[in-house]
Amino acid sequence: MMHERISTTAGSPLFRADDLEVTYRSSRGPTKALEHFSTTLAKGEFLSILGPSGCGKSTLLKVAAGLLMPSSGVVELDGRPITGPRRDVGIVFQQATLLPWRTVLDNVMLPIRTLGMDAQAGLARARDLLRLMGLESFEKHYPHELSGGMQQRVGIARGLVHDPSLLLMDEPFAALDAMTREHMMVELQRIWMEARKSVVFITHSIPEAVFLSTRVLVLSPRPARIIKDIAIDLPLPRTQETLASARFGELCGELRAMFSHDKK
Amino acid sequence: MNESVKSILYPLLLLLALLALWIVSVRSWGVPNYILPPLESVLDALRRGYIEGAFWKDFGYTMSSMLIGYVCGCSIAFVMGVLFAEFRWLERLLYPFVLGLQSMPKVALAPLILVWFGFGLGSKAVMVGLVCFFPMFINTAVGLKATDPSLIDLMRAFSASRWHILTRIKIPSAASHIFAGLQISVVLGLIGAVVAEFVSSSQGLGYLINAATTTLDTSTMFAALISLAVLGIAGSQLIKFLQRKLVFWDRGDHNQAAA
(Lines give C-alpha, C1' and ligand atoms only; values in the text may rest on other atoms or scores of the structure.)
Protein backbone atom coordinates (compact mmCIF):
# COMPACT_ATOMS: atom_id res chain seq x y z
CA MET A 1 0.00 0.00 0.00
CA MET A 2 1.13 3.54 -0.76
CA HIS A 3 0.87 4.59 2.84
CA GLU A 4 3.26 1.81 3.85
CA ARG A 5 5.88 3.17 1.50
CA ILE A 6 5.62 6.66 2.93
CA SER A 7 6.07 5.35 6.46
CA THR A 8 9.23 3.44 5.57
CA THR A 9 10.96 6.60 4.35
CA ALA A 10 10.68 7.98 7.86
CA GLY A 11 14.27 7.16 8.78
CA SER A 12 15.20 10.57 10.15
CA PRO A 13 12.43 13.07 10.72
CA LEU A 14 12.35 16.11 8.46
CA PHE A 15 10.81 18.30 11.10
CA ARG A 16 10.97 17.86 14.83
CA ALA A 17 9.43 19.91 17.63
CA ASP A 18 10.22 19.04 21.22
CA ASP A 19 8.42 20.52 24.22
CA LEU A 20 7.72 23.69 22.28
CA GLU A 21 6.23 26.64 24.10
CA VAL A 22 5.27 30.05 22.69
CA THR A 23 4.16 32.93 24.88
CA TYR A 24 3.05 36.24 23.45
CA ARG A 25 3.48 39.42 25.39
CA SER A 26 0.40 41.56 24.95
CA SER A 27 -1.08 44.59 26.70
CA ARG A 28 -3.20 42.23 28.82
CA GLY A 29 -0.17 40.33 30.01
CA PRO A 30 1.50 37.23 28.59
CA THR A 31 -0.65 34.83 26.57
CA LYS A 32 0.44 31.26 26.09
CA ALA A 33 -0.30 30.18 22.53
CA LEU A 34 1.43 26.80 22.49
CA GLU A 35 2.44 24.45 25.29
CA HIS A 36 4.31 21.12 25.59
CA PHE A 37 4.12 20.66 21.85
CA SER A 38 6.19 17.73 20.61
CA THR A 39 5.92 15.98 17.29
CA THR A 40 7.96 14.78 14.34
CA LEU A 41 7.25 14.86 10.66
CA ALA A 42 8.64 12.19 8.36
CA LYS A 43 9.78 12.98 4.81
CA GLY A 44 6.86 12.82 2.41
CA GLU A 45 4.30 12.85 5.19
CA PHE A 46 1.11 14.92 4.94
CA LEU A 47 0.34 16.08 8.45
CA SER A 48 -2.85 17.96 9.21
CA ILE A 49 -3.23 20.01 12.33
CA LEU A 50 -6.80 20.30 13.42
CA GLY A 51 -8.00 22.57 16.17
CA PRO A 52 -10.55 25.15 17.20
CA SER A 53 -10.01 28.58 15.69
CA GLY A 54 -7.61 30.82 17.56
CA CYS A 55 -5.98 27.88 19.33
CA GLY A 56 -2.47 28.69 18.18
CA LYS A 57 -2.27 26.70 14.94
CA SER A 58 -0.95 29.67 13.01
CA THR A 59 1.61 30.32 15.75
CA LEU A 60 2.96 26.84 15.16
CA LEU A 61 3.24 27.57 11.48
CA LYS A 62 5.14 30.79 12.09
CA VAL A 63 7.58 28.94 14.32
CA ALA A 64 8.11 26.28 11.65
CA ALA A 65 8.69 29.00 9.04
CA GLY A 66 11.31 30.62 11.26
CA LEU A 67 9.28 33.83 11.56
CA LEU A 68 8.72 33.47 15.28
CA MET A 69 11.14 32.20 17.92
CA PRO A 70 9.65 29.81 20.47
CA SER A 71 9.84 30.89 24.11
CA SER A 72 11.28 27.49 24.97
CA GLY A 73 11.76 24.07 23.41
CA VAL A 74 13.41 22.80 20.26
CA VAL A 75 12.40 23.07 16.60
CA GLU A 76 14.51 21.40 13.97
CA LEU A 77 14.34 21.09 10.24
CA ASP A 78 16.50 18.38 8.69
CA GLY A 79 18.31 17.99 12.01
CA ARG A 80 19.30 21.66 12.29
CA PRO A 81 17.58 24.06 14.68
CA ILE A 82 15.36 26.69 13.07
CA THR A 83 16.86 30.03 14.06
CA GLY A 84 15.42 32.22 11.31
CA PRO A 85 13.73 32.08 7.92
CA ARG A 86 14.76 29.03 5.91
CA ARG A 87 14.84 28.87 2.15
CA ASP A 88 13.74 25.23 2.10
CA VAL A 89 10.29 26.08 3.48
CA GLY A 90 7.30 27.08 1.36
CA ILE A 91 4.23 28.83 2.73
CA VAL A 92 0.65 29.01 1.49
CA PHE A 93 -1.79 31.27 3.31
CA GLN A 94 -5.55 31.34 3.78
CA GLN A 95 -5.75 34.10 1.19
CA ALA A 96 -3.72 33.71 -1.97
CA THR A 97 -1.76 36.89 -1.01
CA LEU A 98 -0.50 37.45 -4.52
CA LEU A 99 1.10 40.70 -5.65
CA PRO A 100 -1.71 42.31 -7.67
CA TRP A 101 0.76 44.30 -9.78
CA ARG A 102 2.58 41.20 -10.99
CA THR A 103 1.48 38.64 -13.55
CA VAL A 104 0.72 35.07 -12.53
CA LEU A 105 4.14 33.92 -13.74
CA ASP A 106 5.96 36.74 -11.93
CA ASN A 107 4.06 35.91 -8.76
CA VAL A 108 5.16 32.30 -8.96
CA MET A 109 8.71 33.51 -9.64
CA LEU A 110 8.73 35.73 -6.52
CA PRO A 111 10.56 33.22 -4.25
CA ILE A 112 13.15 32.52 -6.97
CA ARG A 113 13.89 36.23 -7.41
CA THR A 114 13.79 37.07 -3.71
CA LEU A 115 16.05 34.18 -2.79
CA GLY A 116 18.36 35.00 -5.70
CA MET A 117 18.08 31.52 -7.19
CA ASP A 118 18.92 30.60 -10.77
CA ALA A 119 16.25 32.39 -12.82
CA GLN A 120 16.48 30.13 -15.85
CA ALA A 121 15.90 26.93 -13.89
CA GLY A 122 13.30 28.73 -11.77
CA LEU A 123 11.35 29.83 -14.82
CA ALA A 124 11.22 26.27 -16.14
CA ARG A 125 10.01 25.07 -12.74
CA ALA A 126 7.43 27.85 -12.47
CA ARG A 127 6.05 26.91 -15.89
CA ASP A 128 5.96 23.21 -14.91
CA LEU A 129 4.05 24.02 -11.74
CA LEU A 130 1.58 26.25 -13.57
CA ARG A 131 0.97 23.36 -15.97
CA LEU A 132 0.49 21.05 -12.99
CA MET A 133 -2.08 23.53 -11.64
CA GLY A 134 -3.83 23.76 -15.00
CA LEU A 135 -2.92 27.43 -15.29
CA GLU A 136 -0.43 27.33 -18.17
CA SER A 137 -2.58 29.58 -20.37
CA PHE A 138 -2.90 32.20 -17.59
CA GLU A 139 0.74 33.00 -16.94
CA LYS A 140 0.45 36.51 -18.45
CA HIS A 141 -2.78 37.30 -16.56
CA TYR A 142 -2.97 39.44 -13.46
CA PRO A 143 -4.39 38.04 -10.22
CA HIS A 144 -7.55 40.18 -10.37
CA GLU A 145 -8.44 38.47 -13.65
CA LEU A 146 -8.52 35.05 -11.96
CA SER A 147 -11.15 33.34 -9.79
CA GLY A 148 -10.49 32.71 -6.10
CA GLY A 149 -9.68 29.04 -6.69
CA MET A 150 -7.26 29.89 -9.49
CA GLN A 151 -5.56 32.53 -7.35
CA GLN A 152 -5.10 30.01 -4.57
CA ARG A 153 -3.55 27.55 -7.05
CA VAL A 154 -1.09 30.28 -8.05
CA GLY A 155 -0.36 30.65 -4.32
CA ILE A 156 0.36 26.92 -4.06
CA ALA A 157 2.61 27.03 -7.13
CA ARG A 158 4.51 29.91 -5.52
CA GLY A 159 4.85 27.84 -2.33
CA LEU A 160 6.47 25.02 -4.29
CA VAL A 161 8.58 26.84 -6.89
CA HIS A 162 11.82 27.02 -4.91
CA ASP A 163 11.57 23.26 -4.29
CA PRO A 164 11.18 23.47 -0.49
CA SER A 165 11.48 20.27 1.51
CA LEU A 166 8.61 21.37 3.75
CA LEU A 167 5.38 23.02 2.62
CA LEU A 168 3.41 24.88 5.29
CA MET A 169 -0.25 25.52 4.50
CA ASP A 170 -2.41 27.71 6.72
CA GLU A 171 -6.08 26.93 5.99
CA PRO A 172 -5.45 27.38 2.28
CA PHE A 173 -9.01 26.51 1.23
CA ALA A 174 -10.87 28.35 3.97
CA ALA A 175 -11.73 31.31 1.75
CA LEU A 176 -13.04 29.17 -1.11
CA ASP A 177 -16.61 28.07 -1.76
CA ALA A 178 -17.60 24.45 -1.04
CA MET A 179 -17.47 23.25 -4.65
CA THR A 180 -14.05 24.75 -5.32
CA ARG A 181 -12.84 23.43 -1.99
CA GLU A 182 -13.61 19.82 -2.83
CA HIS A 183 -12.00 20.21 -6.23
CA MET A 184 -8.91 21.80 -4.67
CA MET A 185 -8.63 18.95 -2.15
CA VAL A 186 -8.34 16.44 -4.98
CA GLU A 187 -5.91 18.75 -6.82
CA LEU A 188 -3.71 19.22 -3.77
CA GLN A 189 -3.51 15.48 -3.22
CA ARG A 190 -2.47 14.95 -6.82
CA ILE A 191 0.21 17.65 -6.52
CA TRP A 192 1.44 16.23 -3.23
CA MET A 193 1.71 12.74 -4.70
CA GLU A 194 3.56 14.04 -7.76
CA ALA A 195 5.88 16.46 -5.96
CA ARG A 196 6.44 14.16 -2.94
CA LYS A 197 6.70 17.02 -0.49
CA SER A 198 6.30 16.96 3.25
CA VAL A 199 3.30 19.06 4.14
CA VAL A 200 2.03 20.61 7.34
CA PHE A 201 -1.58 21.50 6.68
CA ILE A 202 -3.52 23.61 9.13
CA THR A 203 -7.28 23.39 8.94
CA HIS A 204 -10.43 23.33 10.98
CA SER A 205 -12.25 21.09 8.53
CA ILE A 206 -12.34 17.44 9.65
CA PRO A 207 -13.19 15.93 6.22
CA GLU A 208 -10.43 17.99 4.61
CA ALA A 209 -7.89 16.73 7.15
CA VAL A 210 -8.97 13.09 6.79
CA PHE A 211 -9.09 13.19 3.01
CA LEU A 212 -5.63 14.69 2.55
CA SER A 213 -3.49 13.49 5.42
CA THR A 214 -1.37 10.54 6.34
CA ARG A 215 -1.59 11.74 9.95
CA VAL A 216 -3.79 14.16 11.87
CA LEU A 217 -2.98 16.01 15.09
CA VAL A 218 -5.82 17.43 17.13
CA LEU A 219 -5.02 20.44 19.27
CA SER A 220 -6.78 21.65 22.39
CA PRO A 221 -8.04 25.23 22.75
CA ARG A 222 -5.46 27.81 23.73
CA PRO A 223 -2.81 27.15 24.88
CA ALA A 224 -2.59 24.46 22.21
CA ARG A 225 -1.52 20.99 23.26
CA ILE A 226 -1.76 17.79 21.23
CA ILE A 227 -4.77 15.85 22.43
CA LYS A 228 -4.85 13.27 19.65
CA ASP A 229 -2.44 11.94 17.06
CA ILE A 230 -3.97 9.51 14.59
CA ALA A 231 -2.69 7.88 11.40
CA ILE A 232 -5.09 8.00 8.45
CA ASP A 233 -4.91 4.56 6.86
CA LEU A 234 -7.15 5.24 3.86
CA PRO A 235 -5.53 3.95 0.66
CA LEU A 236 -3.98 6.46 -1.73
CA PRO A 237 -4.89 8.05 -4.05
CA ARG A 238 -8.10 9.11 -2.41
CA THR A 239 -11.03 9.89 -4.66
CA GLN A 240 -14.68 10.92 -4.59
CA GLU A 241 -15.43 7.30 -3.58
CA THR A 242 -13.17 7.68 -0.54
CA LEU A 243 -15.42 10.46 0.69
CA ALA A 244 -18.35 8.02 0.66
CA SER A 245 -16.49 5.07 2.20
CA ALA A 246 -17.31 3.70 5.63
CA ARG A 247 -13.73 4.06 6.89
CA PHE A 248 -13.71 7.75 5.94
CA GLY A 249 -16.89 8.29 7.94
CA GLU A 250 -15.46 6.34 10.86
CA LEU A 251 -12.29 8.45 10.98
CA CYS A 252 -14.24 11.70 10.69
CA GLY A 253 -16.53 10.53 13.48
CA GLU A 254 -13.59 9.67 15.69
CA LEU A 255 -12.13 13.16 15.22
CA ARG A 256 -15.46 14.89 15.60
CA ALA A 257 -15.92 13.14 18.94
CA MET A 258 -12.76 14.87 20.17
CA PHE A 259 -14.36 18.24 19.71
CA SER A 260 -17.79 17.46 21.12
CA HIS A 261 -16.06 15.91 24.15
CA ASP A 262 -14.27 19.19 24.74
CA LYS A 263 -17.46 21.15 25.08
CA LYS A 264 -18.86 18.96 27.90
CA MET B 1 -26.47 54.72 -25.99
CA ASN B 2 -22.97 53.94 -24.83
CA GLU B 3 -22.42 54.47 -21.07
CA SER B 4 -19.32 56.57 -21.56
CA VAL B 5 -21.05 58.79 -24.13
CA LYS B 6 -23.89 59.31 -21.65
CA SER B 7 -21.51 60.32 -18.88
CA ILE B 8 -20.11 63.04 -21.13
CA LEU B 9 -23.39 64.11 -22.75
CA TYR B 10 -25.49 64.54 -19.58
CA PRO B 11 -23.20 67.03 -17.81
CA LEU B 12 -22.72 68.83 -21.13
CA LEU B 13 -26.48 69.31 -21.44
CA LEU B 14 -26.65 70.65 -17.89
CA LEU B 15 -23.82 73.07 -18.70
CA LEU B 16 -25.69 74.36 -21.74
CA ALA B 17 -28.87 74.79 -19.66
CA LEU B 18 -26.94 76.76 -17.02
CA LEU B 19 -25.37 78.97 -19.68
CA ALA B 20 -28.83 79.63 -21.16
CA LEU B 21 -30.14 80.50 -17.70
CA TRP B 22 -27.21 82.89 -17.28
CA ILE B 23 -27.94 84.69 -20.56
CA VAL B 24 -31.64 84.93 -19.84
CA SER B 25 -31.17 86.22 -16.28
CA VAL B 26 -28.84 88.99 -17.42
CA ARG B 27 -30.79 90.01 -20.55
CA SER B 28 -34.40 89.57 -19.54
CA TRP B 29 -34.51 89.61 -15.74
CA GLY B 30 -32.20 92.58 -15.36
CA VAL B 31 -29.66 91.08 -12.96
CA PRO B 32 -27.09 93.91 -12.59
CA ASN B 33 -23.66 93.42 -14.18
CA TYR B 34 -21.73 93.79 -10.93
CA ILE B 35 -23.61 90.74 -9.59
CA LEU B 36 -23.56 88.65 -12.73
CA PRO B 37 -21.67 89.92 -15.75
CA PRO B 38 -23.05 89.12 -19.21
CA LEU B 39 -21.63 85.91 -20.66
CA GLU B 40 -20.12 87.75 -23.60
CA SER B 41 -18.13 90.10 -21.38
CA VAL B 42 -16.69 87.11 -19.49
CA LEU B 43 -15.77 85.57 -22.83
CA ASP B 44 -14.29 88.90 -23.81
CA ALA B 45 -12.24 88.95 -20.60
CA LEU B 46 -11.02 85.43 -21.39
CA ARG B 47 -10.18 86.50 -24.95
CA ARG B 48 -8.24 89.51 -23.73
CA GLY B 49 -6.59 87.31 -21.09
CA TYR B 50 -5.50 84.36 -23.16
CA ILE B 51 -5.57 85.44 -26.80
CA GLU B 52 -4.21 88.94 -26.32
CA GLY B 53 -2.19 87.45 -23.47
CA ALA B 54 -2.93 89.66 -20.45
CA PHE B 55 -3.54 86.67 -18.11
CA TRP B 56 -0.72 84.39 -19.14
CA LYS B 57 1.73 85.93 -16.70
CA ASP B 58 -0.76 85.43 -13.81
CA PHE B 59 -1.73 81.96 -14.96
CA GLY B 60 1.93 81.01 -15.16
CA TYR B 61 2.63 82.50 -11.75
CA THR B 62 -0.11 80.53 -10.00
CA MET B 63 0.80 77.39 -11.91
CA SER B 64 4.49 77.74 -10.99
CA SER B 65 3.79 78.21 -7.29
CA MET B 66 1.37 75.31 -7.47
CA LEU B 67 3.81 73.00 -9.26
CA ILE B 68 6.85 73.80 -7.11
CA GLY B 69 4.86 73.61 -3.88
CA TYR B 70 3.01 70.47 -4.90
CA VAL B 71 6.07 68.52 -5.98
CA CYS B 72 8.14 69.57 -2.96
CA GLY B 73 5.31 69.22 -0.44
CA CYS B 74 4.21 65.82 -1.69
CA SER B 75 7.77 64.50 -1.94
CA ILE B 76 8.64 65.54 1.61
CA ALA B 77 5.30 64.18 2.82
CA PHE B 78 5.95 60.87 1.09
CA VAL B 79 9.37 60.45 2.68
CA MET B 80 8.03 61.48 6.08
CA GLY B 81 5.08 59.13 5.70
CA VAL B 82 7.42 56.24 4.93
CA LEU B 83 9.64 57.03 7.94
CA PHE B 84 6.58 57.40 10.12
CA ALA B 85 5.19 54.03 9.08
CA GLU B 86 8.54 52.25 9.30
CA PHE B 87 9.82 53.53 12.64
CA ARG B 88 7.53 53.11 15.59
CA TRP B 89 9.62 55.39 17.82
CA LEU B 90 9.39 58.22 15.31
CA GLU B 91 5.64 57.87 15.21
CA ARG B 92 5.47 57.95 19.01
CA LEU B 93 7.69 61.04 19.08
CA LEU B 94 5.92 63.07 16.41
CA TYR B 95 2.31 61.92 16.47
CA PRO B 96 0.92 64.57 18.87
CA PHE B 97 2.60 67.33 16.87
CA VAL B 98 1.31 65.96 13.59
CA LEU B 99 -2.19 65.82 15.04
CA GLY B 100 -1.93 69.38 16.36
CA LEU B 101 -0.67 70.78 13.07
CA GLN B 102 -3.24 68.83 11.12
CA SER B 103 -6.13 70.19 13.19
CA MET B 104 -5.04 73.75 12.51
CA PRO B 105 -6.39 75.42 9.35
CA LYS B 106 -3.19 75.81 7.34
CA VAL B 107 -4.48 78.84 5.42
CA ALA B 108 -4.40 80.78 8.70
CA LEU B 109 -0.62 80.47 8.49
CA ALA B 110 -0.49 82.39 5.20
CA PRO B 111 0.35 85.81 6.67
CA LEU B 112 3.08 84.30 8.83
CA ILE B 113 4.57 82.43 5.90
CA LEU B 114 4.66 85.63 3.85
CA VAL B 115 6.57 87.31 6.66
CA TRP B 116 9.00 84.40 6.89
CA PHE B 117 9.55 83.64 3.24
CA GLY B 118 9.09 87.02 1.59
CA PHE B 119 6.44 88.26 -0.77
CA GLY B 120 7.63 86.50 -3.92
CA LEU B 121 6.95 83.13 -5.48
CA GLY B 122 8.82 81.32 -2.67
CA SER B 123 6.24 82.04 0.00
CA LYS B 124 3.40 80.96 -2.32
CA ALA B 125 5.16 77.67 -3.02
CA VAL B 126 5.74 77.12 0.70
CA MET B 127 2.05 77.70 1.36
CA VAL B 128 1.06 75.22 -1.36
CA GLY B 129 3.57 72.69 -0.03
CA LEU B 130 2.23 73.05 3.49
CA VAL B 131 -1.39 72.36 2.58
CA CYS B 132 -0.34 69.50 0.29
CA PHE B 133 1.72 67.92 3.04
CA PHE B 134 -0.91 66.44 5.33
CA PRO B 135 -3.18 64.51 3.00
CA MET B 136 -0.15 63.05 1.28
CA PHE B 137 1.64 62.27 4.54
CA ILE B 138 -1.33 60.63 6.24
CA ASN B 139 -2.32 58.61 3.18
CA THR B 140 1.22 57.34 2.66
CA ALA B 141 1.58 56.29 6.30
CA VAL B 142 -1.86 54.66 6.46
CA GLY B 143 -1.34 52.91 3.12
CA LEU B 144 2.01 51.44 4.12
CA LYS B 145 0.62 50.20 7.41
CA ALA B 146 -2.32 48.60 5.63
CA THR B 147 -0.02 46.19 3.75
CA ASP B 148 -1.28 42.61 4.10
CA PRO B 149 0.75 41.16 7.02
CA SER B 150 0.78 37.75 5.31
CA LEU B 151 2.58 39.30 2.38
CA ILE B 152 5.22 40.69 4.72
CA ASP B 153 5.53 37.32 6.49
CA LEU B 154 5.96 35.66 3.13
CA MET B 155 8.77 38.02 2.15
CA ARG B 156 10.42 37.65 5.55
CA ALA B 157 10.25 33.89 5.13
CA PHE B 158 12.34 34.40 1.97
CA SER B 159 14.82 36.44 4.04
CA ALA B 160 13.95 39.63 2.13
CA SER B 161 15.56 42.74 3.63
CA ARG B 162 13.50 45.49 5.20
CA TRP B 163 14.38 47.80 2.30
CA HIS B 164 13.33 45.15 -0.20
CA ILE B 165 9.99 44.65 1.56
CA LEU B 166 9.45 48.41 1.72
CA THR B 167 10.21 49.17 -1.90
CA ARG B 168 8.87 46.03 -3.58
CA ILE B 169 5.89 45.19 -1.38
CA LYS B 170 4.74 47.98 0.91
CA ILE B 171 5.00 50.96 -1.44
CA PRO B 172 3.24 49.23 -4.37
CA SER B 173 0.59 47.94 -1.92
CA ALA B 174 0.03 51.49 -0.71
CA ALA B 175 -0.17 52.90 -4.25
CA SER B 176 -3.92 53.53 -4.16
CA HIS B 177 -3.66 55.34 -0.84
CA ILE B 178 -0.73 57.38 -2.12
CA PHE B 179 -2.67 58.41 -5.20
CA ALA B 180 -5.64 59.39 -3.06
CA GLY B 181 -3.25 61.69 -1.19
CA LEU B 182 -1.92 63.15 -4.45
CA GLN B 183 -5.48 63.71 -5.64
CA ILE B 184 -6.61 65.60 -2.54
CA SER B 185 -3.39 67.60 -2.53
CA VAL B 186 -4.00 68.98 -6.04
CA VAL B 187 -7.23 70.66 -4.96
CA LEU B 188 -5.94 71.77 -1.56
CA GLY B 189 -2.71 73.07 -3.09
CA LEU B 190 -4.64 75.34 -5.40
CA ILE B 191 -6.54 76.75 -2.42
CA GLY B 192 -3.20 77.37 -0.72
CA ALA B 193 -1.84 79.20 -3.76
CA VAL B 194 -4.89 81.46 -4.07
CA VAL B 195 -5.03 82.26 -0.35
CA ALA B 196 -1.34 83.20 -0.33
CA GLU B 197 -1.95 85.49 -3.31
CA PHE B 198 -4.95 87.05 -1.55
CA VAL B 199 -2.80 87.93 1.44
CA SER B 200 -0.11 89.64 -0.59
CA SER B 201 0.87 89.34 -4.20
CA SER B 202 1.26 91.42 -7.31
CA GLN B 203 0.73 88.50 -9.66
CA GLY B 204 -1.32 85.34 -10.04
CA LEU B 205 -4.93 84.39 -10.61
CA GLY B 206 -5.73 84.99 -6.93
CA TYR B 207 -4.25 88.46 -7.19
CA LEU B 208 -6.31 89.06 -10.33
CA ILE B 209 -9.53 88.29 -8.43
CA ASN B 210 -8.46 90.42 -5.51
CA ALA B 211 -7.54 93.36 -7.73
CA ALA B 212 -10.82 93.10 -9.68
CA THR B 213 -12.77 93.44 -6.43
CA THR B 214 -11.81 97.08 -6.06
CA THR B 215 -13.39 97.96 -9.40
CA LEU B 216 -16.26 95.46 -9.13
CA ASP B 217 -14.93 93.94 -12.36
CA THR B 218 -16.88 90.71 -12.09
CA SER B 219 -16.04 89.70 -15.67
CA THR B 220 -12.36 89.43 -14.78
CA MET B 221 -13.23 87.58 -11.57
CA PHE B 222 -15.26 85.05 -13.51
CA ALA B 223 -12.51 84.66 -16.09
CA ALA B 224 -9.95 84.07 -13.32
CA LEU B 225 -12.26 81.59 -11.56
CA ILE B 226 -12.70 79.67 -14.80
CA SER B 227 -8.91 79.62 -15.20
CA LEU B 228 -8.53 78.23 -11.67
CA ALA B 229 -11.15 75.59 -12.36
CA VAL B 230 -9.32 74.57 -15.53
CA LEU B 231 -6.06 74.35 -13.59
CA GLY B 232 -7.67 72.24 -10.87
CA ILE B 233 -9.47 69.92 -13.29
CA ALA B 234 -6.35 69.48 -15.42
CA GLY B 235 -4.29 68.60 -12.34
CA SER B 236 -6.87 66.15 -11.00
CA GLN B 237 -7.30 64.48 -14.36
CA LEU B 238 -3.54 64.15 -14.80
CA ILE B 239 -3.28 62.39 -11.43
CA LYS B 240 -6.26 60.18 -12.29
CA PHE B 241 -4.67 59.28 -15.60
CA LEU B 242 -1.37 58.38 -13.92
CA GLN B 243 -3.23 56.33 -11.32
CA ARG B 244 -5.06 54.36 -13.99
CA LYS B 245 -1.78 53.65 -15.77
CA LEU B 246 0.30 52.84 -12.70
CA VAL B 247 -2.19 51.26 -10.28
CA PHE B 248 -3.95 49.29 -13.01
CA TRP B 249 -4.80 46.39 -10.69
CA ASP B 250 -6.81 48.40 -8.19
CA ARG B 251 -9.78 50.01 -9.85
CA GLY B 252 -13.14 50.35 -8.22
CA ASP B 253 -14.71 50.72 -11.65
CA HIS B 254 -12.85 47.78 -13.16
CA ASN B 255 -15.79 45.40 -13.36
CA GLN B 256 -18.12 48.17 -14.38
CA ALA B 257 -15.85 49.12 -17.26
CA ALA B 258 -15.76 45.51 -18.39
CA ALA B 259 -19.54 45.15 -18.28
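Guide: Over residues 1–10 of chain A, pLDDT stays under 50 (the predictor's confidence in each residue, from 0 to 100). For this segment the model has 14 contacts beyond four places in sequence, a contact being two residues whose C-beta atoms, placed from the backbone, lie within 7 Å. This is a predicted model, in which local features need pLDDT of at least 70, side-chain atom pairs count only at pLDDT 80 or more, and totals for chains, interfaces and linings use all residues. Residues are numbered from 1 along each chain as its sequence is written, while chains are lettered from A and ligands numbered from 1 in the order in which they are written.

Chain A as a whole averages a pLDDT of 83, with 94% of the residues scoring at least 70. Helices (H or I, at least four residues) and strands (E, at least two) are DSSP runs, numbered from the N terminus.

The part to examine is therefore H3(A), residues 104–114: 8 of its 11 residues are buried, so this helix is largely enclosed by the rest of the structure. A residue is buried if 20 or more other C-beta atoms lie within 10 Å of its own, exposed if 12 or fewer, and partly exposed in between, with C-beta atoms placed from the backbone. The buried residues of H3(A) include A:Val104, A:Met109 and A:Ile112. Their cover includes helix H4 (119–132) and helix H5 (148–160) of chain A, together with helix H7 (149–157) of chain B. Just after H3(A), A:Gly116 takes a positive phi of about 65°.
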